[in-house]
Each structure stands twice: as structure tokens, then as C-alpha cells.
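This briefing presents one protein structure by topic. Please keep the sequence and the model in view while reading.

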Amino acid sequence: MIILMHSSKTMRPPTSGLAPTGTPALLDRAEELVGYLRTLSPAELARVMKVSADLAAKVRDTHEEWSTKPDRQAPAAATFVGDIYSGLQVDTFTAADRAYADKHLRILSGLYGILRPFDGISPYRLEMGYRLPRGNLYTFWGTAIAEQLPAKGRIVNLAAGEYSRTVLPHVDPARVVTPRFLTVDAASGVAKFVVVHAKIARGAFARWLVTGRVKEGAIREFAEIGYRYDEERSTPAEPVFVCEEFGGKGLSVRLT
């Protein structure tokens, strides 16, 4: 089983904490992209990324400081900051969990293409959906990301659509399972998609798969942070999990 997640645009700077244990498989392509990004002016970055001039200037500085030197590296899963990583809680992984995650968990990234969770990376900002002046990242990556995955076996897709688009067109659809997460609205009683809940749930689902060494046939048994499998709403390709009371509020700074 391969578990797919995606990167976040917010990242922590490298610290003296957990050390990386691997090197990104497509690092040469990342270096090529950084070289190109360094040619873009702050005004071009602001236009491409739809950010303010001040933030674009900071992004340019980040890319200038980007490096493959050990003192500028930190494990990918410990560097990305966002709701999906709040759900993953990688800082609580045991050594055995980290070893299992390195075999089974993959992070899709606009800059690095694909990462194991403890590959060393340097901070950057490059979302997969950005359209750069010389073309989009889907053309740049082509089939290179999908080619890093095993040719057989289940793929549990927990990545956002703009990222999974680099993989799904290039693999057998029968291999892919894409869980969906819904929250029952207290006022209407209707199960709805709530973005922040779903992001945390994706991370919690990935954590559950890793720490529980969950086998393919047991995916429906997920019952963390208030979710339960809903057979009526589910299909084999899209198992649906519904929570009546979201149990992950303490995991995100956006939910207190």
C-alpha cells in the first residue's frame, strides 16, 4: 500500500530537531526548478502566486536561501505546516512508525515532485497548481512522479486534486482508493464537506494507516476523531467516513 498526501505552502525553518534520513528522489529536477524560480522578479512571483508584493519579496528570499546543504535540511513531514499535518502528528511517531512511513507514505510536492516523509528538504513556496511564465508544473513533471511509485498495489489517495493529478492519470484507476470525509451539520442534520475537518481527517487517516500498520482490507475500520464508515454513501473507490461531532478540534490552530 502507498499512501499519498500533499505538501503545504506553509513551512517551518530547519531546526536542530529530527534529522532527515533520505534524499528526494527527484532532487535534480527540484534544483532545476529553483534555478528557474530565482530568475523571476518579485512582481512576477506576486502575479503567479497571487500574493502581496511583501510576501512575494519574502518568497524570493526563501528561494535564494534554498539549499541542499545538511544545515538547511529538515524532514519533509516535520517541515510542512497545515491541517493535514496537524492530523498526521508526525512528531509522535516511534522509530518503527517512521521506518514504516518511509516505505509507505509519499508526499506530493510542486518543487520536489514526490517525497518520502523523512527526506531532507529546504523551505520553498511552489504549489502544484501555479502557472509559471514558461508553463505549468503538470507539463514539467509529466509522468516522472508516478514513475516513482510501485507498479502494483493499492494507492490510498489523501492528496488534494491539484496534486493527485500528477499521479492518477498515469496509474490503473482500479488501484486507487480516495477516502472522503463529511461532517454532520448540527442545524440541518445533513452530512457536509467541511474543508478544515476533511484536511485534518486526511492526516489522521494517514497516521492511523501508518501507526496501525493497517492492511488494505481493513480501511473501512477507520474510527478516529469521531469518524465512522458510512456504507450507504460509499463506493469501493470512494469510501465515505462521517462524523456527527468532529473530534479533531485540538489538532488545528484554526479550531480551538
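Glutamine 89 lies in the loop between helix H5 (83–88) and H6; helices (H or I, at least four residues) and strands (E, at least two) are DSSP runs, numbered from the N terminus. The model is predicted, so local features need pLDDT of at least 70 and side-chain atom pairs count only at pLDDT 80 or more, while totals for chains, interfaces and linings use all residues. Residues are numbered from 1 along each chain as its sequence is written, and side-chain values use heavy atoms, with hydrogens and water left out.

**Positive phi angles**

- Glutamine 89 has a phi near 50°, a positive value in a residue other than glycine.
- Glutamine 89 is partly exposed, at a relative accessible area of 30%; buried means under 20% relative accessible area, exposed over 50%, and partly exposed in between (1.4 Å probe, protein chains only).
- Isoleucine 225, in the loop between H9 and E14, also is not a glycine and has a positive phi of about 40°.
- Isoleucine 225 counts as buried because its relative accessibility is 18%.

**Helix H2 against helix H3**

- Two packed helices are described by the angle between their axes and the distance between the axes.
- The axes of H2 (residues 42–49) and H3 (residues 53–65) cross at roughly 105° and come within 8 Å; axes are lines fitted to C-alpha atoms, for helices over the stretch in contact, and angles run from 0 to 180 degrees between N-to-C directions.
- H2 is therefore roughly perpendicular to H3; angles under 35 degrees count as roughly parallel, over 145 as roughly antiparallel, 65 to 115 as roughly perpendicular and the rest as oblique.
- From H2, Pro42, Leu45, Ala46 and Met49 make the contact, and from H3, Ala56, Ala57, Val59, Arg60 and His63; contact means heavy atoms within 4.5 Å.
- The residues of this contact of H2 with H3 comprise seven nonpolar, one polar and one charged; Ala, Val, Leu, Ile, Met, Phe, Trp, Tyr, Cys and Pro count as nonpolar, Asp, Glu, Lys and Arg as charged, and the others, Gly among them, as polar.
- Within H2, Leu45, Ala46, Val48 and Met49 are buried, and their cover includes H3 and strand E8 (131–132).
- Arginine 60 belongs to H3 and is partly exposed, with a relative accessible area of 26%.
- Not counting residues up to four places away in sequence, arginine 60 touches Arg38, Leu40, Ser41, Pro42 and Leu45.
- Between the C-alpha atoms of arginine 60 and glycine 189, 129 residues apart along the chain, the separation is 47 Å.

**Helix H6 against helix H9**

- The axes of H6 (residues 95–104) and H9 come within 9 Å and cross at roughly 110°.
- H6 is therefore roughly perpendicular to H9.
- Asp97, Tyr100 and Ala101 of H6 meet Leu209, Val210 and Thr211 of H9 in this contact.
- By class, the contact of H6 with H9 holds four nonpolar, one polar and one charged residues.

**The largest nonpolar core**

- Which residues touch the most other members of the largest nonpolar core? They are Leu111 and Phe205, in a core of 82 residues; a nonpolar core is a set of buried Ala, Val, Leu, Ile, Met, Phe, Trp, Tyr and Cys residues joined through side-chain atoms within 4.5 Å.
- Helix H9 (residues 195–211) supplies the largest share of this core, ten residues.
- Phenylalanine 205 touches Val156, Leu158, Pro179, Phe181, Ile219, Phe222 and Phe241, not counting residues up to four places away in sequence.

**Aromatic residues**

- The structure holds 17 aromatic pairs; rings of Phe, Tyr and Trp (its six-membered ring) pair if their centres lie within 6.5 Å, and planes under 30 degrees apart count as stacked, over 60 as edge-to-face and the rest as tilted.
- Phenylalanine 181 and tyrosine 227 form an edge-to-face pair, at 5.5 Å centre to centre with 80° between the planes.
- This pair links distant parts of the chain, 46 residues apart: phenylalanine 181 is in strand E12 (residues 180–184) and tyrosine 227 in strand E14 (residues 227–229).
- Phenylalanine 181 counts as buried at 4% relative accessibility, and tyrosine 227 is buried at 0% relative accessible area.
- One aromatic cluster is formed by Phe181, Phe205, Trp208, Phe222, Tyr227, Tyr229, Phe241 and Phe246.
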